[in-house]
Amino acid sequence: MKEADCYDGSTNGVVVMVEPYSQTEQIQQVVYRILDANLDRAREGLRIIEEWCRFGLNNAQLAAECKKERQEIAHWHTGELRAARNTPGDPGTDLTHPQEEQRTSIKSLLQANFCRVQEALRVLEEYSKLYNPNMGKACKQMRYRIYTLESSLMGRHRQQLLLRSRLYLVTSPGDKLIETVEAALKGGLTLVQYRDKTADDTVRLQQAKKLRQLCHDYGAIFLVNDRLDLALAVDADGVHLGQQDLPIAIARELLGPHRLIGRSTTKVAELQAAIAEGADYVGVGPVYETPTKEGKAATGLEYVRYAAKNCSIPWFAIGGIDPNNVNEVINAGANRVAVVRSLMQAEQPTLVTQFFLSQLISRMKPELGMSYV
């Protein structure tokens, strides 16, 4: 590289000004800085995810997958790229957004860091084509692996939250739908099903979007009753199906392996079939007569007792359960209950939610075949 103001014999003695770096070299340094920054970003995001797999889930396999990807990224993080780093001169260090300053739940934290890793890998994939095409190919394949890891981990997160959920709110139409659900979430509710059999699809879509966002802000599961298309449209955590709805196998094919599928059951044969078909949880009831299930006879507490002894997946007693009879249902063996009117028509949904949870948790019994790790 020529120095500025140097004499060059090829110009017949004329003094010329030469920039310290050519334009090509300047672009090269910019590319190096972009690669360095995104390699750091991908490694940092993966480490955050890895720590949850290791300490939050105690899952050695998922933690090892994260570590393997981090090491793959480190392989491409050469000294040449690190040497181009210019942190004091990087205007991006002062850029921030309010959403980056807080996380509402472990789920939102994990989701944000998966996005960070995936975006970084996409940048690496493109800019590596100017540096090392093999690196670009490697980053492309890595990005697809991270998508798979995200699906697996977030699906596992849903399953864990389902296992921890004791109270299940099934909504009913009303002017205070959003306010009531949020009040229950403030009381500790972690599982919500949106159910509206009569509204127009435009209304359902709007309400489902609002409820989905609300549930995720509070770290709760959001499910849609019956409608797989609506569940997919709003990115719900899954669906709840009645006995007359699509087979679970078809729903699984459409929703993928990591979303939740529940099934209503009213008798032993339906319960056994739902388990065999791969339901993630079942409803057991209606325990008492309820206008929500008009025309269906109550199953009574005997069916609850059967489920307590024989159901190997999470199950929720449902149907006419309220603060006055919930302890009868618990005494029959229920560790989880689902309610509609008791919360949707409550004057103080937060307090009613807290009451239900206090009764369920204080008297919780060991469950058949359940693991809470």
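Two strands pair if DSSP finds at least two bridges between them. Strands (E, at least two residues) and helices (H or I, at least four) are DSSP runs, numbered from the N terminus.

## Basis of the model

This is a predicted model, in which local features need pLDDT of at least 70 and side-chain atom pairs count only at pLDDT 80 or more, while totals for chains, interfaces and linings use all residues. Residues are numbered from 1 along each chain as its sequence is written, and side-chain values use heavy atoms, with hydrogens and water left out.

## The barrel

Eight strands form a closed barrel in the order 1-2-3-4-5-6-7-8, with parallel pairing. From one strand to the next, the twist averages 25°.

Strand 1 (residues 167-170) pairs with strand 8 (residues 337-339) in the parallel sense over 3 bridges. Here Leu-169 stands opposite Val-339 of strand 8. Helix 11 (residues 300-310) packs on the sheet and touches strand 5 (260-265), strand 6 (281-284) and strand 7 (315-318); touching means heavy atoms within 4.5 Å. The direction of helix 11 makes about 170° with that of strand 7, where angles run from 0 to 180 degrees between N-to-C directions.

## Helices 2 and 5

Helix 2 (residues 60-76) packs against helix 5 (residues 133-164) at about 160°, and their axes are 11 Å apart. These axes are lines fitted to C-alpha atoms over the stretch in contact. The two helices are therefore roughly antiparallel, a term for angles over 145 degrees.

Residues in the contact include Leu-62, Cys-66 and Trp-76 of helix 2, and Met-135, Ile-146 and Arg-156 of helix 5.

Technical notes
Parallel < 35°, antiparallel > 145°, perpendicular 65-115°, else oblique.
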